[in-house]
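Please keep the sequence and the model open while reading.

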Amino acid sequence: MKRNQSTEDYLESILLLSKESEFVHRVDVARKEGVSQPAVQKAVKILQSSGFVECDGMHIYLTKKGEEYATRIYERHCIIRDFLILHGVNGLDADADACEMEHVISEATFDMMREYVEKHR
């Protein structure tokens, strides 16, 4: 699957919101992503057609496929953030930078970062 930053950001937000609350609403996703509710509605339709989420009208649920993909993306985010922190970047900047980098670095670079983090935690 071709990586898509917008798709990955929405899935990651839905994953994190689902860990905070039993139900994820479009308005919550809109707030977390800093976008309008119509933008979330459009994204949810795309995520549904890709088999990543299901909706019951009011709530958004990750499918097994969606949860697995979102978990991988969030793992990338956490490893990259931790790698940057281990190299002296403050937590806020490391988190913001990881949010961008998680979508563009190669698997080889990510594997190096993961190995480094696991070795130095």
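Which residue forms a salt bridge with Asp 82? Arg 121 does, with the closest N and O atoms 3.2 Å apart. The model is predicted: local features need pLDDT of at least 70, side-chain atom pairs count only at pLDDT 80 or more, and totals for chains, interfaces and linings use all residues. Residues are numbered from 1 along each chain as its sequence is written, and side-chain values use heavy atoms, without hydrogens and water.

**Salt bridges**

- A salt bridge puts a side-chain nitrogen of Lys or Arg within 4 Å of a carboxyl oxygen of Asp or Glu. The count is seven.
- Arg 121 sits in the segment after α6 and Asp 82 in helix α4, so this pair links parts of the chain 39 residues apart. Helices here are DSSP runs (H or I, at least four residues), numbered from the N terminus.
- Arg 121 is exposed at 65% relative accessibility, whereas Asp 82 is buried at 17%. Buried means under 20% relative accessible area, exposed over 50%, and partly exposed in between (1.4 Å probe, protein chains only).
- Glu 107 pairs with Arg 76, the closest N and O atoms being 2.8 Å apart. Glu 107 lies in helix α6 (residues 107-120) and Arg 76 in helix α4, so the pair ties together parts 31 residues apart in sequence.
- Arg 76 is buried, at 4% relative accessible area. Glu 107 is partly exposed, at 47%.
- Arg 31 pairs with Asp 28 at 3.5 Å between the closest N and O atoms. The two are three residues apart in helix α2, which means about one helical turn between them.
- Glu 75, Asp 111 and Arg 114 are linked in a salt-bridge network.

**Largest pocket**

- The largest pocket has a volume of about 210 Å³. A pocket is an open set of points on a 1 Å grid where a 1.4 Å probe fits, with protein on both sides within 12 Å along at least five of seven lines. Lining residues have an atom within 4 Å of a point.
- α1 (5-20), α2 (26-33), α4 (64-86) and α5 (91-101) each give two or more lining residues. The largest share, four residues, comes from α1.
- The lining includes Asp 9, Glu 12, His 77, Arg 81 and Cys 99.

**Cysteines**

- There are zero disulfides (cysteine sulfur pairs within 2.5 Å).
- For Cys 78, the nearest cysteine sulfur is that of Cys 99, 11 Å away.
- Cys 78 is buried at 15% relative accessibility. Cys 99 is partly exposed at 29%.

Methods
Grid points are joined across faces, edges and corners, and a volume is the space filled by probe spheres set on the points.
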